[in-house]
Amino acid sequence: MFALVKWVNGDDDGKLSVIPTEWIKGFNIEDFEEEGGEDERHYVAEWRRGSKPRGGWQAFDCEVEKVGERQLELVQMRDAMTRAEETPALKRKKFQNSRYADESSSDTKDTQVCQNSKTKASAKQQRSTEILNQLTKKPQTNKEDGEVQQLKSKIQELEQENKKLKETVVGAIPVILDKIEELGKRDNSGPTDHSIDSEANCLCGSPRYAASSAGSTVSISSIPQSQGNGRQLDKVEIHPGSGVYIDQLAWTITNKATSYTSFVRNAMLSVFDIETLVKSNLRGGSGKRQKHGERREALDPNKVNAIYAATLMKFPLATKSQIGSVINGKIAELRYAIKKNAHKNTQGFNDTN
């Protein structure tokens, strides 16, 4: 059982505390009346804290305000009573009745209203003047003129690049037509040749391969790089400092690739001829499946490194292992295509006989 007590006299006069009823001397819950007078609620209570001194606990006068079984409820009641005593009473603001005001006070009010209106008018006029100055103020033309000049120069550079690219493409058209005509003459004059790979035939300067209809032996012929009048396509270095050059038109087509896979496949067909590719692999040596088979020659490391560098410059997220896998995969496709075409030609030759 707990009691909410109010200390009387001493340093803690008027303060509230929650203590066990055992601390109150002579207290009997059955005789206690909350609504009784101060004399009936007046008791002497011990203040027990720490170890008990030799002379016993100190006792102080108090008034029992409330008794209850739950200490938390009494503590909340104590806090509420303490806040109520500490909060000062609010006073309403007094306003003077205008009916009882004298003439002097009315004159003062009129003067204040007039001054306030003048202040507001001057503030509006000042704001209007600032807005007018901002509207009539000349813009900083130097900065804008500089930006316009930069944009014009960039447009001129782009126009020049487009003009050069157009001249390159137009200049390469006769070369492509001559190559197509030459292929047509070869098809009409000799046995029918079949294209091995569409990418190799589309790229300028790429060799052309066909299997002979007389047997399984593969005949490999390359298309000349110059026209009949001796004009030759411009060369482009695929990576600065590599010393590896290919036809400019082939390089343009390679740069249009949207993935590193197609970029590597186009680049290797422009850098190497098909005969070199089918007889080689990336690092050299025999294949993994044919340990005792034919040993392949390694591709030119300078050209391979140039393809690596050009690919990583355009596609920085690609890795060298991925690029090497693409090169070996393309070589395997070429070998399979040549072998398949040779087998078809051999069957056709046997059927005719």
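1. A residue is called buried when its relative accessible area is under 20%. By that criterion, 27% of the 353 residues of this protein count as buried. The model under discussion is a predicted one.

2. The overall make-up may be stated briefly. The secondary structure consists of nine helices and 11 strands. The accessible surface amounts to about 25,400 Å², and carbon and sulfur atoms account for 50% of that surface. Where contacts link residues at least 6 apart in sequence, 55% of them join residues at least 24 apart.

3. The crossing in which H6 passes H8 is right-handed.

4. The residues that build this pairing can be located in the structure. On the H6 side they are Tyr260, Phe263, Val264, Ala267, Met268 and Val271. On the H8 side, Lys303, Ile307, Ala310, Thr311 and Lys314 meet them. By class, the contact of H6 with H8 holds eight nonpolar residues, one polar residue and two charged residues.

5. Helix H6 also pairs with helix H5, which spans residues 248-255. The axes of H5 and H6 come within 9 Å and cross at roughly 165°. Since the cut-off for roughly antiparallel is an angle over 145 degrees, H5 and H6 are therefore roughly antiparallel to each other. H5 passes H6 in a right-handed crossing.

6. In this second contact, H5 contributes Ala250, Trp251, Ile253, Thr254 and Asn255, while H6 contributes Phe263, Asn266, Ala267 and Ser270. The residues of the contact of H5 with H6 comprise five nonpolar, four polar and no charged ones.

7. Glu65 lies in strand S5, which covers residues 58-68. Its relative accessible area is 23%, so Glu65 is classed as partly exposed; the limit for buried is under 20%.

8. Glu34 is 31 residues away along the chain, yet the C-alpha atoms of Glu65 and Glu34 are separated by 6.5 Å. With neighbours within four places in sequence left aside, Glu65 is in contact with Leu4, Val5, Lys6, Glu34 and Arg41.

Methods:
Residues are numbered from 1 along each chain as its sequence is written. This is a predicted model: local features need pLDDT of at least 70, side-chain atom pairs count only at pLDDT 80 or more; totals for chains, interfaces and linings use all residues. Side-chain values use heavy atoms; hydrogens and water are left out. Helices (H or I, at least four residues) and strands (E, at least two) are DSSP runs, numbered from the N terminus. Buried means under 20% relative accessible area, exposed over 50%, partly exposed in between (1.4 Å probe, protein chains only). Contact means heavy atoms within 4.5 Å. A crossing is left-handed if the near helix is turned anticlockwise from the far one by less than a right angle, and right-handed if clockwise. Ala, Val, Leu, Ile, Met, Phe, Trp, Tyr, Cys and Pro count as nonpolar, Asp, Glu, Lys and Arg as charged, and the others, Gly among them, as polar. Accessible areas come from the Shrake-Rupley method with a 1.4 Å probe; for residues, only the protein chains shown count as cover. Axes are lines fitted to C-alpha atoms, for helices over the stretch in contact, and angles run from 0 to 180 degrees between N-to-C directions. Angles under 35 degrees count as roughly parallel, over 145 as roughly antiparallel, 65 to 115 as roughly perpendicular and the rest as oblique.
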